Amino acid sequence: MIKIVIAAVLFAATTIVVAQTYPTKPVTFIVPFPPGGGTDISARTVAAKLTQKWGQSVIAENRAGAAGILGADAAAKARPDGYTLLIVNVGITSINPTLYPKLPYDPDKAFAPISLLCELPFVLMASPSFKPNSVKELVAFAKANPDKVTFASSGQGGSPHLTAEIFQLATGTRLTHVPYKGGGPAMTDLMAGHVDLLFASVLEGSGHIKAGKLKGLAVTHAKRSPALPDVPTLAEAGVKDAESGSWIALLAPAATPAAIIDKVAADVKEAVSAPDVREKLIAQGAVPQASTPKELQALIDKDRGRYGRIIREKGLKPE
Amino acid sequence: MMAVAGVLVGMLIGALPGVGPPSGVALLLPLTFGMEPTSGIIMLAAMYAGTMYGGTITSVLINTPGESASVVTCLDGYQMALQGRAGPALGIAAIGSFIAGTVGVVLLMLVSPALARWALSFGPPETFALMLLGLTTVTMLAGEDPLKGYISMVLGLMLAMVGFDIISGDARYGFGVPELMDGIDFLPVAIGLFGLGEVLAGAEEKTAQMKISVRLREVLPSLADWAQSKWAIARGTVLGFLVGVLPGAGPTVASFLSYTVEKKVSRTPERFGKGAIEGVAAPESANNAAATAAMVPMLTLGIPGSATTAIMLGGLMMWGLRPGPLLFEKNPQFVWGLIASQYIANVMLLVASTALIPLFVRALRIPYSILMPLIILFCVTGAYSLKNNLFDVGQMLVFGVVGYFMKKLGYSPAALVLALVLGPLAERALRQSLIISDAGVGIFFTRPISAVLMVLALAAIAVPLAKWGRTLFSRSSS
């Protein structure tokens with residue numbers, strides 16, 4: 001008995017010591033997306049700041065493929081010592097578990113939340129040749145012409161697609177989905193008028209809206225975006241309970257010592273509120289926002305409930 | 001300075017199979033963060049050009065495509081190397097790339113807005129028609145027996161079916177393996193089919209050591225080579241540029257199309273696949289022109305035209321530049337800096353590659369018993385570095401064995417790879433078109449560009465059939 005107590009005390013003591021000295025070697029952020037995308041750049045921005053703070057390299061390693069499942073799986077199976085952490089977006093934590101019946105890891109048990117890094121609001125845009133000029137006109141038009149209005153998306157089952165599904169439920173409209181491979185081609189075809197509508201991140205969309213090449217109908221965030229001060233929120237446009245968007249967060253393999261998780265969460269918070277990091281994230285169209293591990297878990301669960309319901313109701317399957 | 005460093009680093013990176021321009025530029029992007037935006041973007045542009053050329057080096061020397069746009073270069077480039085003409089092959093590729101890049105930059109400056117409109121007019125139906133046309137040219141790649149060419153193509157299309165259905169989301173041939181969800185990535189397949197397949201086939205035969213000349217004069221293309229290639233370069237440039245402007249098509253499709261066009265217009269098509277220098281000149285010019293053209297949508301519309309420009313756009317945003325149609329108006333000095341840097345990168349590439357060709361060619365002097373394991377090493381690291389995934393290595397090994405048998409039995413690996421590249425693009429465009437038209441086939445024929453491309457594609461199928469029918473008829477009547 002005494003031995004167990006001693007062992008426990010020693011164990012507790014070592015983890016505290018470990019947390020105090022952490023990190024003593026380079027830390028890897030697994031980024032389960034290809035290099036150069038919004039998630040990758042945000043991750044690298046925060047990683048660079050943490051490198052400065054810790055005096056240890058924080059390396060962003062891209063492990064892309066299968067909607068982020070390959071990278072997440074690599075992190076799930078990594079040694080839980082705090083030296084391998086995982087960058088996720090809303091899709092990995094809150095969409096994949098419902099969309100993919102068989103994940104190679106248990107989404108409920110594989111990870112421990114650390115902190116949110118930023119939120120990525122979406123904007124609903126219409127092609128210049130599309131007649132309706134506001135959400136109200138769009139809803140009336142779509143109700144008069146069910147299934148005639150087309151909307152593009154970056155891919156089946158992605159958060160922009162699910163956002164559009166939430167929008168249809170909230171407004172009682174029926175639109176036709178045209179999936180693309182990635183946001184770029186979808187945007188091009190929207191601009192040319194091959195499709196009518198698109199939900200995409202404010203980052204991707206704001207430049208085109210400002211230049212008058214696309215019509216910005218509404219942003220999906222609770223607040224208006226500083227990049228698009230003239231575009232109303234969905235709630236302002238009269239659509240309730242359809243707020244959506246993506247976010248980027250940092251997770252750890254489940255058995256990572258709590259002391260390390262708390263330390264990383266505190267340091268991420270500091271990094272995300274540093275003026276230079278904030279500026280870079282805002283330039284990405286993101287809303288810099290750190291959180292506690294608990295708040296992150298609550299966000300993951302909330303979005304998983306919302307998206308899960310849509311996926312089940314619509315009978316969606318992954319792309 | 002930045003341009004020289006960028007080209008050299010880019011070539012080194014590009015010479016590693018698997019590390020193509022997108023991952024190369026992404027790897028190097030952080031290096032540029034500390035720099036001033038203009039020098040940073042110059043370095044990026046130079047690295048882009050360097051990686052494009054680096055991929056060619058391994059295609060020619062060891063039949064292992066360094067990146068997707070140089071797959072087709074293997075066909076004749078490696079044959080030239082076997083004939084001791086690796087130097088001229090690399091030389092004409094560098095010259096073709098230089099010309100195409102330079103002309104591309106000029107076109108970029110002069111006609112970007114018009115080109116952007118042409119790109120926008122390409123909706124799903126037009127894309128489908130173009131891909132269909134690309135697929136019909138497959139017999140051009142296939143060597144002697146068109147039937148075997150079609151069989152390879154169908155095999156490639158079947159492989160292209162793997163992965164999630166784009167509309168319904170049903171898993172196709174996934175067998176519950178997460179790595180197969182995105183479908184089969186064609187670069188590991190190409191590395192296996194070409195590089196490893198060649199090693200396996202070569203291990204059987206007692207191949208004589210290649211004749212190698214490293215004297216600079218013999219290493220560079222001769223006047224006769226140039227005379228043979230100049231029109232190929234011109235056609236490759238124009239075609240590459242037009243295809244490169246289209247979102248989603250890019251340098252790989254451009255290189256395949258220009259190769260087949262070149263073979264089609266050639267008076268001696270039988271030389272292709274056996275070391276025809278036009279077969280190197282045309283696709284290499286086309287992929288460079290297309291790489292430059294991919295900047296048109298980025299600069300005019302603020303939409304990246306290719307994976308690599310997407311990453312460069314990411315770089316621009318790091319410097320606080322907002323993508324979009326206003327990029328040009330708000331940051332003219334920057335945009336002109338980018339265009340100028342493209343030009344400088346092309347000059348640097350020509351100088352650096354010419355100076356280094358003797359060195360590359362010398363690598364072939366390494367005895368086979370050492371070179372072969374080295375190639376295998378290249379293939380393995382190349383397949384791994386693509387996505388840091390061992391699964392791709394396994395895939396590459398499997399297709400190495402497939403490549404060996406295809407070679408033995410006279411089936412064309414290039415036809416398979418082409419189908420694997422075009423298949424998913426064609427499928428997506430077809431189904432998008434049908435959703436938009438509410439399942440009406442008319443959409444392909446009522447839009448002018450699409451109609452022309454469809455007619456060309458149908459003609460490409462019908463003409464050989466008619467010829468075949470005629471010979472059959474005349475034989476039976478005589």
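Guide: We will take the sheets, then the helices, then chain B. Keep in mind that this is a predicted model.

Visitor: How is β11(A) joined to β4 of chain A?

Guide: Check the direction and the bridges. Strand β4 (residues 111–120) of chain A pairs with β11(A) in the antiparallel sense, over 2 bridges. To find the place by residue, take Cys118(A): its bridge partner in β11(A) is Pro288(A).

Visitor: Now β3(A). In which sense does β1 of chain A pair with β3(A), parallel or antiparallel?

Guide: Parallel, over 3 bridges; β1 covers residues 27–31 of chain A. Thr28(A) stands opposite Thr84(A) in β3(A).

Visitor: And in which sense do β3(A) and β10(A) run, parallel or antiparallel?

Guide: Antiparallel, with 4 bridges joining β3(A) to β10(A). Leu86(A) has Leu251(A) in β10(A) as its bridge partner.

Visitor: How many residues of β3(A) are buried?

Guide: In β3(A), 6 of its 6 residues are buried. Thr84(A), Leu86(A) and Val88(A) point one way, while Leu85(A), Ile87(A) and Asn89(A) point the other way. Both sets are buried.

Visitor: Next sheet. What is the order of the open sheet of 5 strands?

Guide: The order is β7-β6-β8-β5-β9 in chain A, again listed with mixed pairing. At the edges stand β7 (176–179) and β9 (215–219) of chain A, each with a single partner strand, so one side of each is left without a neighbour in the sheet. From one strand to the next, the twist averages 30 degrees.

Visitor: Which way do β5 and β9 of chain A run, parallel or antiparallel?

Guide: They run antiparallel: 4 bridges join strand β5 (residues 122–126) of chain A to β9(A).

Visitor: What about β6(A) and β7(A), parallel or antiparallel?

Guide: Those run parallel, joined by 4 bridges. Phe151(A) stands opposite His177(A) in β7(A).

Visitor: Which residues cover the two sides of β6 of chain A?

Guide: Sort them by side. In strand β6 (residues 150–153) of chain A, Thr150(A) and Ala152(A) lie on one side, Phe151(A) and Ser153(A) on the other. Each of these residues is buried.

Visitor: Now helices. What describes two packed helices?

Guide: The angle between their axes and the distance between the axes. Take helix α2 (residues 38–54) and helix α10 (residues 275–283) of chain A: the angle is about 175 degrees and the axes are 10 Å apart. That makes α2(A) roughly antiparallel to α10(A).

Visitor: Which residues of α2(A) and α10(A) meet?

Guide: From α2(A), Ser42(A), Thr45(A) and Lys49(A). From α10(A), Asp276(A), Val277(A), Lys280(A) and Leu281(A). By class, this contact has 2 nonpolar, 2 polar and 3 charged residues.

Visitor: How many residues of α4 of chain A are buried?

Guide: Count first, then look for the neighbours. Helix α4 (residues 90–99) of chain A is mostly covered, with 9 of its 10 residues buried. Among them are Val90(A), Ile92(A), Ile95(A) and Leu99(A). The buried residues of α4(A) pack against α3 (69–76), β3 (84–89), α6 (159–171), β10 (246–253) and α11 (293–314) of chain A.

Visitor: On to chain B. What is its secondary structure?

Guide: It comes to 22 helices and 2 strands. Of the 478 residues of chain B, 58% count as buried. For contacts between residues at least 6 apart in sequence, 77% join residues at least 24 apart. The accessible surface of chain B is about 18400 Å², and 71% of that belongs to carbon and sulfur atoms.

Visitor: Last, one residue. Is Asp225(B) buried or exposed?

Guide: Compare its relative accessible area with the cut-off: under 20% means buried. Asp225(B) has 6%, so it is buried. Asp225(B) is found in helix α11 (residues 223–245) of chain B. Leaving out residues up to four places away in sequence, Asp225(B) touches Arg85(B), Pro88(B) and Ile277(B).

Key
Residues numbered from 1 in each chain as written. Chains lettered and ligands numbered in written order. Predicted model: local features only at pLDDT ≥ 70, side-chain atom pairs only at ≥ 80, totals over all residues. Heavy atoms only, no water. Pairing = 2+ DSSP bridges. Axes fitted to C-alpha atoms, helices over the stretch in contact; angles between N-to-C directions. Buried < 20%, exposed > 50% of the residue type's maximum accessible area, 1.4 Å probe, protein only. Contact = heavy atoms within 4.5 Å. Areas by Shrake-Rupley, 256 points an atom, 1.4 Å probe, with all protein chains shown as cover. Parallel < 35°, antiparallel > 145°, perpendicular 65-115°, else oblique. Nonpolar A, V, L, I, M, F, W, Y, C, P; charged D, E, K, R; others polar.
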